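Let's take a walk through this structure, from a spot on its surface to what lies inside. Keep the 3D view open as you read.

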Amino acid sequence: MTTFDDILVEAGEFGRSQKRIFALLCMVSMPWAGVYVGIVFQGYTPDHWCRDSAVVEKRQGCGWSLADSRRLTVPLVNSSGVLQQSSCEQYEVDWNATSLTCDAQELNLSKTPRTACKDGWEYDYEGRQSFVTEFDLVCSDAWLVDMFQATLNIGFLIGSIAIGYLADRFGRKMSFLMSNLLNGIAGILVAVAPNYVSLLVFRMLYGFGVKGGWVAGYVLITEIVGVEFRRTVGVIYQMFFSVGILILPLLAYFITDWRWLQVVITIPYILFLSYYWFIPESPRWLLSQNKKARAVQITEAMAKENKMTLSKNIETLADDNADSNTASFMDLIRTPKMRKHTFILSYNWFTSAVVYQGLIMRLGILGGNVYIDFLISGLVEFPAAFLILFTIERIGRRIPFAAANIVAGASCFITAFIPESMFWFKTVVACIGRLGITMTFEMVVFVNTELYPTFVRNLGVSVCSTLCDVGGIVAPFLLYRLAVIWLELPLIIFGSLAFLAGGLVLLLPETRGVPLPDTIEDIEFPERAKERAMLRNQQMTNLLPNNNVSTNKDPATV
């Protein structure tokens, strides 16, 4: 029996065909950045205060500045020990029954009764519009902004499970295309939503398709490249998300209306439908569905594009996972080490999502230039991918994984206590934290796959990664509600979560150079698995000394 990995050596493990498909699929990661963290611009909450129609009318007639009319409308309140103009209260004055003149700027209203805003709000956001300013989601309704991100992550959670099932049932390519069709429709519906309730519903549908389609693309590209290229293409595929992070603030700067920004973010998903003619179905999936003829046809086309020639081994091509056991959730928690792996990995998925999203969304409430701050913080994500690729085969997985968590946690703690007067130092430390949590987010993906046996690997990754979406649901509430108490309080929470995650990672086994486990016994008794792998390699060397396909690679070794 010849496996697809054997044939892939003959067809080219990462030839011209795979590089073309890889380049096309990497494009999928870029608009996902706009969906994932677009709330920083689409849901930006500018400086705001109560609107008083009589004062606004007088301002226009007398030529007052915004600051002049604001002084007559809102009182000073104590905010974290500092007197600031209120955003949610106004003086209770009936200006229509008062002889308000253009000289009224000198009035002393400090002892005037106060009341909640009655005529809406004014925003210091001239020429721009977010959904916050359009729907007045401030003061008592500010928590509704959190729902914009929470509903997206609910969509992620449901969509990744549903589309993951559909990808196994109907194929990677079909699931990818159907996801992008849904993305195009839901994305446009978000842009034209008439009210905030419908906006949240469409946003959840958007999340349903976006993550599922991204995962389907990830699975497809890793299934058509050779074993030694899978991790590299996986990391670079994720790195293009960081490219999207850099493009997003540039788009937001020039596109001042959140609805049009939404349209621009959605357009690529409509264009991805053209991939129907440019990317193939996964031959591995076709083999698993007993569609050998189609799998052979696609493999031969890849070999031709790679200018390689296939041997007659392709005639005995078969699914190398045909005898896999049926997996269940109980397999993930039944035995001690499997239970430990599931808990630690799930917690790391959760922490990565909370801290990563939290640090990005925090840029929108700091009061600086959100475009420049976002761009700078996005730039530091690029070294993360290169640090991972440089360290994992030299040092291993566990130490860089744990160190990235600890660095992220320490940076959050330190940033919280650096005074605002040391702005650039505070920014540098925060960026180091962003680098650390980006490394963690990218590493947890493949470490997760290396710590579960073959028959339960996909289920294990799916279950653990659902905590990523739970973290995404929690993150906006942690950030925005705690920041009201103290702006830096979310950083203390983020730092605590990351420190604990780093400590837990040290309890995981090192997987560098270790064969991928096939059974739960390999996880519980790794020494036996190593002995079997060494014996199997020795037998293959003795039996097939001249078979280049068999001796040039070990499909079970990472």
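**From the surface inward**

I185 has 47% relative accessibility, so it counts as partly exposed (buried is under 20% relative accessible area, exposed over 50%, partly exposed in between, with a 1.4 Å probe and protein chains only). You're looking at a predicted model, where local features need pLDDT of at least 70, side-chain atom pairs count only at pLDDT 80 or more, and totals for chains, interfaces and linings use all residues. Residues are numbered from 1 along each chain as its sequence is written, and side-chain values use heavy atoms, leaving out hydrogens and water.

I185 sits in helix α9 (helices are DSSP runs of H or I with at least four residues, numbered from the N terminus).

Now step inside. The largest nonpolar core has 137 residues (a core is a set of buried Ala, Val, Leu, Ile, Met, Phe, Trp, Tyr and Cys residues joined through side-chain atoms within 4.5 Å). Helix α15, residues 336-362, gives the most to this core, with 13 residues. Among the residues with the most contacts inside the core are L25, F131 and F374.

Take F131: leaving aside neighbours within four places in sequence, its contacts include I39, Y196, L199 and W258 (contact means heavy atoms within 4.5 Å).

What about helix α3, residues 29-37? Here 9 of the 9 residues are buried, so the helix is largely enclosed by the rest of the structure. Among those buried residues are M30, W32 and Y36.

Technical notes. Helices (H or I, at least four residues) and strands (E, at least two) are DSSP runs, numbered from the N terminus.
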